[in-house]
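Hello,

Here is the structure I promised to pass on. Have a look at it first, and my notes on what turned up follow below.

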Amino acid sequence: MHSVVISGTGLYQPLHTITNAELVQAFNAYVDLQNAEHAQAIAAGEREPLVHSSVEFIEKASGIKQRYVLEKDGVLDPTRMYPRFKERPDDQLSLMAEIAVDAAQHALKAAGKPASVIDAVLCASANMQRAYPAMAVEIQHALGAGGYGFDMNVACSSATFALEQAYNAVRSGASKCVLVINPEITSAHLEWRDRDCHFIFGDVCTALIVERADLATAPEQWEILGTHLATQFSNNIRNNFGFMNRAEDSDPLARDKTFRQEGRKVFKEVVPIAAAHIEGHLATLDRQPSDVKRYWLHQANLGMNQLVIKKLVGGEVGADLAPLILDEFANTASAGSIIAFHRHRADLKAGDLGVICSFGAGYSVGSVVVKKR
């Protein structure tokens, strides 16, 4: 068995931002249009009027202040309320592969590696752009990587689940250098017209280089000490969009064909699952939560992250222990914990311990314990 390190990380950050104020202005205009259109039914008690959103509501509910998106005009159009992408021909690089290649190139540069040394590409994301060919294979081809590639989806835990696959492949000797890529075009599967969730997601792509420690040359390396995954079925976070919709004669624009969740139930149920998972994983490595210098958690909700850490260490949570990026990026599905790791690790010293952890739909939870070399 080989020692395995994360030797490079990369981040693709879209050019466009949407502030909470911009989002609220567009959403409230949509609400006014809908309530005017259905005024008669509302007056007759046959339909509930839609309710305005507010900046204060969004920030109190989530801690989010803005989000990055690939296209903002469509999202902020009260008559549309979702992004407007131009369809690309089959012989042109797809949008998801394009942002993945950008993030991958940054990760390769950090690792000091050419793309040709990659012998596996794992594209892990909450939603893929298409069914096939696999996004990973297109990314592999665009980079000039070797080996093989495949897609995987465990919703917001996709990155940590892919990290375990990469870790096992390298540790066993099946691979030498694996690219884990997490392109999240969440703006296309978010229901921007639903007050309870219209503010949650943002677009981004993260990348990780996972390789044998004896082959790594990067100035900064993080040894993977162990990984741990778990799933438990729940319908509290769900998206029913898929290839079966046509055969079912269901409405492709129906509410259940985009992201939806029972937010309060998710909060109540996932927090103890995540905290117990991390504590149990650390115990298998003869470590305690207090031994960990930094927790890079899934970035879904400020209160959720604070409560997970409070359950682990029994005290108030500061940004030094559990850094926050969702105020800037919003929830970026599988990429959130990786953005936190990418952005907030430079100050740690050799020997310091950290935990990358994600949790989300499934329910799914994945943790990766790392040590700076």
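**Cysteines**

The sulfur of Cys156 lies 12 Å from the closest cysteine sulfur, in Cys357, which is too far for a bond. Please keep in mind that this is a predicted model, in which local features need pLDDT of at least 70, side-chain atom pairs count only at pLDDT 80 or more, and totals for chains, interfaces and linings use all residues. Residues are numbered from 1 along each chain as its sequence is written, and side-chain values use heavy atoms, with hydrogens and water left out.

A disulfide is a covalent bond between the sulfur atoms of two cysteines. Here the term is applied to a pair of cysteine sulfur atoms within 2.5 Å, and a search of the whole structure finds zero of them.

Are these two cysteines buried or exposed? Cys156 is buried, with a relative accessible area of 11%, and Cys197 is buried too, with 3%. (Buried means under 20% relative accessible area, exposed over 50%, and partly exposed in between, using a 1.4 Å probe and protein chains only.)

A word on names: helices (H or I, at least four residues) and strands (E, at least two) are DSSP runs, numbered from the N terminus. Two strands pair if DSSP finds at least two bridges between them.

Strand E6 (residues 177-184) is mostly covered, as eight of its eight residues are buried. Cys177, Leu179, Ile181 and Pro183 point one way from E6, while Val178, Val180, Asn182 and Glu184 point the other way, and all are buried.

Which strands pair with E6? Strand E4 (residues 120-124) pairs with E6 in the parallel sense, over four bridges, and Cys123 has Ile181 in E6 as its bridge partner. E6 also pairs with strand E7 (residues 204-212), in the antiparallel sense and over eight bridges. Across that pairing, Leu179 stands opposite Ile209 in E7, and Cys177 has Glu211 in E7 as its bridge partner.

E7 is largely enclosed by the rest of the structure, because nine of its nine residues are buried. E7 has a further pairing with strand E1 (residues 4-12), antiparallel over eight bridges. There, Val5 stands opposite Glu211 in E7.

**Helix packing**

Two packed helices are described by the angle between their axes and the distance between the axes. The axes used here are lines fitted to C-alpha atoms, for helices over the stretch in contact, and the angles run from 0 to 180 degrees between N-to-C directions.

Helix H1 (residues 20-37) and helix H3 (residues 55-62) have axes that come within 9 Å and cross at roughly 120°. That makes H1 oblique to H3. (Angles under 35 degrees count as roughly parallel, over 145 as roughly antiparallel, 65 to 115 as roughly perpendicular, and the rest as oblique.) H1 passes H3 in a right-handed crossing; a crossing is right-handed if the near helix is turned clockwise from the far one by less than a right angle, and left-handed if anticlockwise.

H8 and helix H9 (residues 302-313) pack at an angle of about 40°, with their axes 9 Å apart. H8 and H9 are therefore oblique to each other, and their crossing is right-handed.

**Backbone points to look at**

Most residues other than glycine have a negative phi, and most peptide bonds are trans. These places depart from that pattern:

- Met81 is not a glycine, yet has a positive phi of about 65°. Met81 lies in the loop between strand E3 (66-69) and helix H4 (95-111) and counts as buried, at 2% relative accessibility.
- Asp286 has a positive phi near 55°. Asp286 is found in the loop between helix H8 (263-284) and strand E11 (294-297) and counts as exposed, at 71% relative accessibility.
- The peptide bond from Tyr132 to Pro133 is cis, with omega near 0°, and Pro133 is in the loop between E4 and helix H5 (135-143).
- The peptide bond from Gly362 to Tyr363 is cis as well, with omega near -10°. Tyr363 sits in the loop between strand E12 (353-360) and strand E13 (364-372).

Best wishes
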